[in-house]
Amino acid sequence: MFTDNILLGELENRDGIWFGPAGGYWSNLDIDESKSCLKDLSVQGARKTVEKYFPQHLDVIFSPKRAGGLPLLDPKPGEVIVDVGCMWGALTIPLAMAGCTVIAIDQTLESLKLLQQRLIDDALTNVEIVCSDLKKVRYADSAVDMFVVNGVMEWIPETGTIELKKYYGKKLAKKNDYRDRPDILQKDFLQRLCCGLKTEGKLYLAIENRFDFFYFLGLPDPHCNLKFITFLPRKAQDFISKIFLGRPYVNWTYSQRSLRKMLMDAGFRDISFSYTFPNYRSPEYILSQKGMSFYRPSLYKHGKSFVIKALCYTVEYLIFKILRLTIFAPSFIVIAKK
Amino acid sequence: MEIIRNCSHYSSIQVAVKLNQKDLPVRVIKSAFNQDGANTIRNEKAGILWYEKRLNSVLSAVVSLENYKNTYSRLELIYKNGSSGDLTLSLSRNYQKLYNALKYHIKIFAAGENRFSHGDYSIDNILFDGDEVTWILDWESFNDKLPREFDIVYCIIEASYFCYKKYGTLKRKDVDAAIELFKFGFGELKIPYERIIQAPASYMRKLFQDNQEVFGSQIKKYPIANCMQNDILSLDNFYAKNIRL
């Protein structure tokens, strides 16, 4: 098993899944919802089970659009790739299809069971699944060709159980543990990835931009569902979050400059930013600064009325197409080398 | 690398361009991470190589093709300069481009015993220098199973459809232009066109229905194959109302 050579510490294999230090729970689904579908998985297969139990997530799980940023990585057969926070395998499966040797790590066992079934359905044997706390995984030095961190870094400071529907804009019944500064935890996480990379190995990091232009127009922060909070100074974020949610604001996202600095502090170099529109989860365009001439307004399509759509189209066209102000792009995909 | 299309029109393919140091596009890269997309990409390569053979082209546009089993493909192509046809213009304004596109199609596809079709022969997929065709793009639906007239009918009806959707109508001059195109295209193929132009949109729809297995899941990308039946009937009505044989 190739996981042995890459992950350090005690790992125990149960039913085809490796178990490391237990982590919390993170999912768009509540724990009960996640568990309810497990009994049907092996009988009906992954797709039919999802169609039956949570059809609203069919696209999130199976759409090939989710792999939109992978051509930036240019993965080659046989390369060792660790998908950190893989969830249902939106990127794990495409990477395995490309012939890479993939280690898929997540702390939510129920999500991994679904991924396990997807691998069986697609007859993919080049993936090993690890259930472990993402903050406690240790990697062997210079063992990995690429790390994929897709929409995970901003969740690193969070602990315990996150059932997203209950987490959004609501006070948590049980207070989680928020002792450490989010940026310290995130930097530590990145440093460990950097150590695990081979020389010339690459990190693929997808994360929202703290200064997404539409946050200034009232788009809610996708991590806590509060408006006008993401771009505020950290102390103000904490203050507002404590009032409305009873917890500090820990889902720290960054501007391009701050993110670059954090990556450099963590040991990365050759850091290149691409800007994703309308977001990194289901991107339509992924462009660098010099490729912004290819940009066409795309965010406005999500507007609910003609007026909003027209306004958004105008803003997008002006900000991104004419002025090319990528500091206000919705999110980043960063490729960084060790 | 700039990713300019991500699985658009229900495909499973990411399209990227690579820029040179002067920020000019020099390569097009198509990637797919599933079986459906990988098959399409391999099909595209076959189509381009066939096309280049017809052109007696010395330098191939295909730079490389990487495959892994049948689940991953990455095709790198030379970027071709030129501007593709604009389907937001009325059919009559697009007449010259459509005429030249049909003429070019006949030169490439109709010669000899050829049984191949492009499968998505829209002016949107053709590069022009002025009104002259310089290159055909997007060979993803290249095949040898469609009727000979498929590309010709599709090229005209797709332009009719977009004209109707943009302007809410097909004017007499648009229908006149379309009839001229039918006459020219079908005349060259020596296929009678009179019956078809009585209800050309329905005929197009039927061609899609009769050849569903040729397109597979890709059929979703064709507006004419997926639009409301009312749109088909409206298009046919515009033809019937304005037709002057």
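Okay, first a definition: two residues are in contact here if their C-beta atoms, placed from the backbone, lie within 7 Å. With that rule, the contact between the two chains takes 21 residues from chain A and 19 residues from chain B.

Keep in mind that this is a predicted model, in which local features need pLDDT of at least 70, side-chain atom pairs count only at pLDDT 80 or more, and totals for chains, interfaces and linings use all residues. Residues are numbered from 1 along each chain as its sequence is written, and chains are lettered from A and ligands numbered from 1 in the order in which they are written.

Back to the side of chain A that touches chain B. Two elements of chain A give two or more residues to that side, α6 (92-97) and β13 (285-287). By the way, helices (H or I, at least four residues) and strands (E, at least two) are DSSP runs, numbered from the N terminus. β13(A) gives the most, with three residues. By type, that side of chain A has 14 nonpolar residues, four polar and three charged. Nonpolar means Ala, Val, Leu, Ile, Met, Phe, Trp, Tyr, Cys and Pro, charged means Asp, Glu, Lys and Arg, and the others, Gly among them, are polar.

Staying in chain A, let's look at the backbone. Most residues other than glycine have a negative phi, and most peptide bonds are trans. Now, Phe277(A) and Pro278(A) are joined by a cis peptide bond, with omega about -5°. You'll find Pro278(A) in the loop between β12 (269-277) and β13 of chain A.

Then there are two positive phi values. Asp74(A) is not a glycine, yet its phi is near 50°; look for Asp74(A) in the loop between α5 (58-62) and β5 (80-84) of chain A. Met87(A), also not a glycine, has a positive phi of about 50°, and Met87(A) lies in the loop between β5 and α6 of chain A.

Are these two buried or exposed? We call a residue buried if 20 or more other C-beta atoms lie within 10 Å of its own, exposed if 12 or fewer, and partly exposed in between, again with C-beta atoms placed from the backbone. Asp74(A) has 16 C-beta neighbours inside 10 Å, so Asp74(A) counts as partly exposed. Met87(A) has 24 other C-beta atoms within 10 Å, so Met87(A) is buried.

On to chain B. Its domain assignment gives domain 1 (2-78) and domain 2 (83-242), with bounds from an automatic or database domain assignment. Their C-alpha centres lie 24 Å apart. The contact takes 13 residues from domain 1 of chain B and 10 residues from domain 2 of chain B.

Next, a pair of helices in chain B. The axes of α3 (residues 150-167) and α8 (residues 229-242) of chain B come within 11 Å and cross at roughly 100°. Axes are lines fitted to C-alpha atoms, for helices over the stretch in contact, and angles run from 0 to 180 degrees between N-to-C directions. So α3(B) is roughly perpendicular to α8(B), a label for angles of 65 to 115 degrees, with under 35 roughly parallel, over 145 roughly antiparallel and the rest oblique. Ser160(B), Tyr161(B) and Tyr164(B) of α3(B) make the contact with Ser234(B), Leu235(B) and Phe238(B) of α8(B).

Last, an open, antiparallel sheet of three strands in chain B, in the order β6-β7-β8. Strands pair if DSSP finds at least two bridges between them. β6 (83-84) and β8 (132-136) of chain B stand at the edges with a single partner strand each, so one side of each has no neighbour in the sheet.
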